[in-house]
Amino acid sequence: MSRARLRLAVALGTTFVLVGTLGWMWWSSLVPSTYSVMEMGYLDYGGGPAPTAHHHGGSTGAAGMSGMPGMDASGGTVSVADLRTDPDRPADVSVELTARQERLTLPTGEEVEGYTLNGSSPGPLISATVGQLVQVRLHNASVPGGITLHWHGVDVPNAEDGVAGVTQDAVPVGGEHTYRFVVPHEGTFWYHSHQVSHEQVIGGLLGPLVVHPRHPAPGVRDVVALAHLYDGVETVNGRSGIVHVDADPGERIRLRLINTDNGPLVAWSGQPLTLLASDGYDVNRPSAFTGKGIDLPAGGRADLLVTVAGGGTLVQLTGESSVVLGPDGSRPDGVEQPDELVDRLRYGSPAPVPFDTGEPDRSFRYDIGRRLGFLDGRPGLHWSVNGHLFPDLPMFVVAEGDVVMIRVSNHSGDVHPMHLHGHHAVVLSRDGRRATGSPWWVDSLDVRDGESYDIAFLADNPGIWMDHCHNLKHAAQGLVTHLMYEGVTEPYRVGGEAGNEPE
């Protein structure tokens, strides 16, 4: 063969290999039109034992997703649909919510397309006392594509989690769905749609939920402040600018801040503040602070104790929104946003944790990055988990009763507010530095670029649970994994006739 022909053959061969490789990468990234989340990605047992009895569904469509174990070691199974609250127990709190797609009038006077619950956005406050059974009947009057409700931060039974295609089918126009759950823990929470959530939540399908203790602290009044961004307009409880709450000088207020946006929020004041609780869990022996801010990740909550000053107290929020607590007409001066944030790793005093974090039964790695590749056939620079792109992501498999540790690290160039459904985790360390303050319990945790957190939780709530970024646009772009208990199966499908699209 002449040198020219050899060079041509080599060039053609190289081109064939390159095109073939790219074609295979494109084909293998395609997501089927309908699939079970149990069939996505690959199994990760975190160093723990695999079930002795497996059910493997094999490859499903172009994505080549492998089936997940559907049996526990004894061969028993339970469906997600059966992991629900006692159907015979009467409700203590009953709520009717009707969702509509309609035009919203923003505080600026501008009208935008959005969504309402019972005619408003945010939707109505749902209040209960710890241990009560809450029943919410959701009606879809006119939201195209269907809706669900997820109870953000409430560790509900899996069937009540409200994730389309994972724990239920989306509720179509004209349909309804009833949620029933016992509120297991006091705290500040919120609810929002988990169907096309990157559009519906931003558009206003959300509301606050507060669970009160059986014996509230005397002399402290609750005030809810839910922050949301409507089409670029910053609001608190649906109002923009300075939101006034009538209060007497010397009155003690528990200000329940809720961040429903995709990015972090910082709160501060020129007056002393005390961080009473994070993500629904009280801080052990908190102390007042000044000259510092308190940060809330997307989806996160913070309860602040405020003693109203004589001329009122101003609690400022990132951007242009703020809350004034004081007599009518109070206009306390603001202060510059502090450079320093309260370090929750050191805030408060240590207290026992109800499980042994020193010897976890399973340890997982959740390493967030970005890499070139195809996402459902689209080339680009996409979010990755442990070097893999959606849908080839890990399914974290646990058994009930396991103590689980996850090391969440981020080298993606962006901040990610990570949200684990159905559980609260305690933060053990950040960047190798051990926690020394009050146990810091989270269901929503900002992991900034270059940071690494070790968190631990007890696997005590069987089901299939999302573990995803609560910047909902990131989740829609593939930054979503799942936690699965051995012995759990599910009958629902993403896509399909119900059009389930959780992110």
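Select N262 and L472 together: the side chain of N262 reaches the backbone nitrogen of L472 at 3.0 Å, in a predicted model where local features need pLDDT of at least 70, side-chain atom pairs count only at pLDDT 80 or more, and totals for chains, interfaces and linings use all residues. Residues are numbered from 1 along each chain as its sequence is written, and side-chain values use heavy atoms, with hydrogens and water left out.

Staying with N262, show the loop between β15 (252-259) and β16 (265-269), where this residue lies; strands here are DSSP runs of E with at least two residues, and helices are runs of H or I with at least four, numbered from the N terminus. Next, display the residues in contact with N262 (heavy atoms within 4.5 Å), which, leaving aside neighbours within four places in sequence, are I202, A298, P417, H470, N471, L472 and K473.

Now select Y35, F390, A476, V494 and E501, which are the closest to the centre of the largest pocket among the 24 residues that line it. By class, the lining has 13 nonpolar residues (Ala, Val, Leu, Ile, Met, Phe, Trp, Tyr, Cys and Pro), seven polar and four charged (Asp, Glu, Lys and Arg), with the others, Gly among them, counted as polar.

Finally, go to M395 in strand β26 (residues 394-398). M395 counts as buried because its relative accessibility is 0%, where buried means under 20% relative accessible area with a 1.4 Å probe and protein chains only.

How values were computed. 1 Å grid on protein atoms, 1.4 Å probe; cavity = no way out; pocket = protein on both sides within 12 Å on 5 of 7 lines; lining within 4 Å. Polar contact = N/O pair within 3.5 Å; in protein donor to acceptor, adjacent residues only side chain to side chain. Buried < 20%, exposed > 50% of the residue type's maximum accessible area, 1.4 Å probe, protein only.
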